Amino acid sequence: MKALTRLSMAVGLALLPHLVLADTAAPIKPKVMLITMFAPEAQTWIDRLQLKQEVRVPGLSAEYPVIRCNTQDVCLLVTGMGQTNAAASTLALALSPKFDLRQSYFLIAGIAGINPKHGTIGTAAWAHYLGGVRHPVGAGFAGRPEGVANRLYRHQHQGPQRKTAVGLQDRSV
């Protein structure tokens, strides 16, 4: 009886990796990973590239919980607007065992809110600087420099009376 139990356990342990690995699909290896922020930006890519395969990835934005791919190894990640959604969704993609991104090209495509006086939809633009402009930094209470009112300044702001392109907000701290 002991010999039969040992033999059964040995066979079971020998087959276990094959049974576990049989259910695991090979990771998708996209040639290109497109990244947009919201549905109107993504729709043109979805329609023109026929991105019909949907892959659910844990950790993506609840608003956009799937990555879409096509048969030519092009995939699309829609992150949701804002730096937090973009960071969380991109990290979820990078950590997902469903994708192998080691040889993928990444293209971030979005409208970026261009001023119509400077360009139209489809204008290509390259940024000289990138900053977290949505997260204000407080210059109030104990640590504020002398002569500075209680105000919130945007990230990388030059200081009082010196507005950056984003400017300063007149709010009490």
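Which residues are exposed on the other side of helix 2? The structure examined here is a predicted model, in which local features need pLDDT of at least 70 and side-chain atom pairs count only at pLDDT 80 or more, while totals for chains, interfaces and linings use all residues. Residues are numbered from 1 along each chain as its sequence is written, and side-chain values use heavy atoms, with hydrogens and water left out.

Helices (H or I, at least four residues) and strands (E, at least two) are DSSP runs numbered from the N terminus. Buried denotes under 20% relative accessible area and exposed over 50%, with partly exposed in between (1.4 Å probe, protein chains only). In helix 2, Glu-41, Ala-42 and Ile-46 are the buried residues. Seen down the helix axis, these residues fall within an arc of 125°, so they line one face of helix 2; the arc is that of the directions from the helix axis to the C-beta atoms. Pro-40, Asp-47 and Arg-48 are exposed on the other side of helix 2. The cover over the buried residues of helix 2 includes strand 1, strand 3 and strand 4. Gln-50 follows helix 2 and has a positive phi, near 50°.

An open sheet is formed by five strands in the order 2-3-4-1-5, with mixed pairing; two strands pair if DSSP finds at least two bridges between them. Strand 2 (53-56) and strand 5 (105-108) are the edge strands, each pairing on one side only. On average, neighbouring strands of this sheet are turned by 25° against each other, direction ignored. Strand 1 and strand 4 run parallel and are joined by five bridges, and Ile-35 stands opposite Leu-77 in strand 4. Helix 2 (residues 39-49) packs on the sheet, where it touches strand 1, strand 3, strand 4 and strand 5. The direction of helix 2 makes about 165° with that of strand 4; axes are lines fitted to C-alpha atoms, for helices over the stretch in contact, and angles run from 0 to 180 degrees between N-to-C directions.

Thr-36 lies in strand 1 (residues 32-36) and is buried, with a relative accessible area of 0%. Contacts (heavy atoms within 4.5 Å) of Thr-36, leaving aside its neighbours within four places in sequence, include Glu-41, Ala-42 and Trp-45, as well as Leu-76, Leu-77 and Val-78.

Helix 3 (residues 83-95) has 13 residues and should span 18 Å at 1.5 Å a residue, which agrees with the 18 Å between its end C-alpha atoms; the expected span is 1.5 Å times one less than the number of residues. Ala-86, Ser-89, Ala-92 and Leu-93 are buried in helix 3. These residues cover an arc of only 135° around the axis, which puts them on the same side of helix 3. Thr-84 and Leu-95 are exposed on the other side of helix 3. Strand 1, strand 3 (66-69) and strand 4 (74-78) are among the elements covering the buried residues of helix 3.

The structure holds one disulfide, defined as a pair of cysteine sulfur atoms within 2.5 Å. Cys-69 and Cys-75 are joined by a disulfide with an S to S distance of 2.1 Å. The link of Cys-69 and Cys-75 is right-handed, with 110° about the S-S bond. Cys-69 counts as buried at 1% relative accessibility, and Cys-75 is buried with a relative accessible area of 0%.
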